[in-house]
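Here are my notes on this model, as numbered points. Please read them with the structure open.

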Amino acid sequence: MSKPRILVARAVFPETLALLERHFEVEANQADAAWSRQELIARLQGKAGVFTTGGERIDAELLGACPDLKICANMAVGFNNFDLPAMTARRVLGTNTPDVLTETTADFGFALLMATARRLTESEHFLRAGLWNKWTIDLFAGSDVHGSTLGILGMGRIGQGIARRGAHGFGMDVIYHNRSRLSPQLESECKARYVGKEELLKTADHLVLVLPYSAESHHAIGAPELALMKPTATLVNIARGGIVDDAALAQALRDKRIAAAGLDVYEGEPKVHPDLLTVPNVVLTPHIASATVPTRKAMAKLAAENLVGFLVNGRPLTALNPEVLA
Ligand code: 8YV
């Protein structure tokens with residue numbers, strides 16, 4: 001029997017490709033070429049599965065043009081590049097890569113929080129530019145992390161990881177807001193207290209965004225929300241671009257409406273709002289929260305195993321719309 005045909009949309013680790021090639025006839029993109037949407041659609045003809053990495057939009061139009069497609073395996077926990085209702089309507093399975101990146105991403109959220117509060121990149125740029133010629137009493141004086149109030153918007157697995165780090169490692173008072181409240185047991189493990197969104201914004205010394213992107217969370221942090229925050233507060237976004245109104249944030253940073261921000265994700269990335277590039281009090285990283293070698297390998301393996309699980313064994317590991325399996 002011939003092997004099912006799949007497309008791998010981006011360059012992946014050699015071992016991921018080897019795993020896939022054991023089960024499939026694979027068209028890969030090891031050159032990591034930037035395929036246009038039309039080229040992606042053309043390459044998907046005759047393919048039963050696609051390995052995506054979060055940047056490829058899978059919607060009704062693409063599905064209509066790719067009638068052989070049965071599964072889209074995203075190498076990401078977020079899946080806002082999938083129109084899941086359209087996929088379900090066409091009985092196309094979507095999978096993501098939860099759990100394997102939780103602790104690594106929580107580590108990074110905390111790193112960005114620390115870098116933002118303690119003005120790490122701003123002070124390094126100053127030093128590298130040769131501007132450090134004397135000790136000064138308030139040179140790059142930032143804000144304390146230990147013992148402060150940590151606010152978390154979105155309290156899924158990654159949010160809980162950040163809460164545990166803050167509460168247990170840094171003695172922070174943790175408050176959170178989420179669509180649904182955690183169980184009393186999880187709240188006590190995370191030492192986190194549920195509050196309304198307004199209280200979260202007004203009370204947090206450091207606010208970390210970890211909520212999924214949706215029409216509902218678009219610009220969840222814009223000018224009105226920034227206006228509620230303390231002028232000494234910092235804001236960290238490791239969730240998705242579009243959750244923060246980047247233009248409003250740049251203005252708030254310029255006006256010192258809030259003290260500083262740390263961003264790993266941007267509206268329209270890899271483009272970054274030009275105003276963010278010119279304000280000094282923001283730490284900017286290129287969407288690397290899950291980027292450790294072991295975690296990226298685990299994510300790629302899980303995405304590949306979802307393709308094998310579904311197309312070969314009929315059992316994907318982490319299905320987003322399991323109703324299509326019925
Ligand atoms: C990915 C992410 O690196 O998992 C997610 O949702 O944002 C990142 O871990 C990115 O989506 C590319 O796959």
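1. Start with a histidine. The side chains of His 206 and Thr 234 are joined by a polar contact of 2.7 Å. A polar contact here is a pair of N or O atoms within 3.5 Å; within protein, one must be able to donate a hydrogen and the other to accept it, and residues adjacent in sequence count only if both atoms are side-chain atoms. The His 206 side chain also reaches the backbone oxygen of Asp 144, at 2.9 Å.

2. A word on the source. The model is predicted: local features need pLDDT of at least 70, side-chain atom pairs count only at pLDDT 80 or more, and totals for chains, interfaces and linings use all residues. Residues are numbered from 1 along each chain as its sequence is written, and side-chain values use heavy atoms, with hydrogens and water left out.

3. His 206 lies in strand S9 (residues 206-209). Helices (H or I, at least four residues) and strands (E, at least two) are DSSP runs, numbered from the N terminus. His 206 counts as buried because its relative accessibility is 1%; buried means under 20% relative accessible area (1.4 Å probe, protein chains only).

4. Which residues surround His 206? Leaving aside neighbours within four places in sequence, its contacts include Leu 113, Ser 148, Met 172 and Thr 234. Contact means heavy atoms within 4.5 Å. Gly 151 is 55 residues from His 206 in sequence, yet 6.0 Å away in space, C-alpha to C-alpha.

5. Next, helix H11 (residues 246-254). Its buried residues are Asp 246, Ala 248, Leu 249, Ala 250, Ala 252 and Leu 253. Their cover includes helix H10 (223-228), strand S10 (234-237) and helix H12 (274-278). Asp 245 caps the N-terminal end of H11, with a side-chain oxygen 3.2 Å from the backbone nitrogen of Ala 247. Just after H11, Lys 256 has a positive phi of about 60°.

6. The protein divides into domain 1 (5-100 + 293-325) and domain 2 (102-284). The bounds come from an automatic or database domain assignment. Their centres, taken over C-alpha atoms, are 32 Å apart. Eight residues from domain 1 and five residues from domain 2 make the contact.

7. About 550 Å² is buried between domain 1 and domain 2, with 41% from carbon and sulfur atoms. That area is the accessible area (1.4 Å probe) that two parts lose on being put together, summed over both. In domain 1, Asn 80, Asp 99 and Thr 295 lose the most, together 68% of what that side buries.

8. One salt bridge is counted between the domains. The side chains of Asp 99 and Arg 157 meet in a salt bridge at 3.3 Å, N to O. The term needs a side-chain nitrogen of Lys or Arg within 4 Å of a carboxyl oxygen of Asp or Glu.

Methods. Buried < 20%, exposed > 50% of the residue type's maximum accessible area, 1.4 Å probe, protein only.
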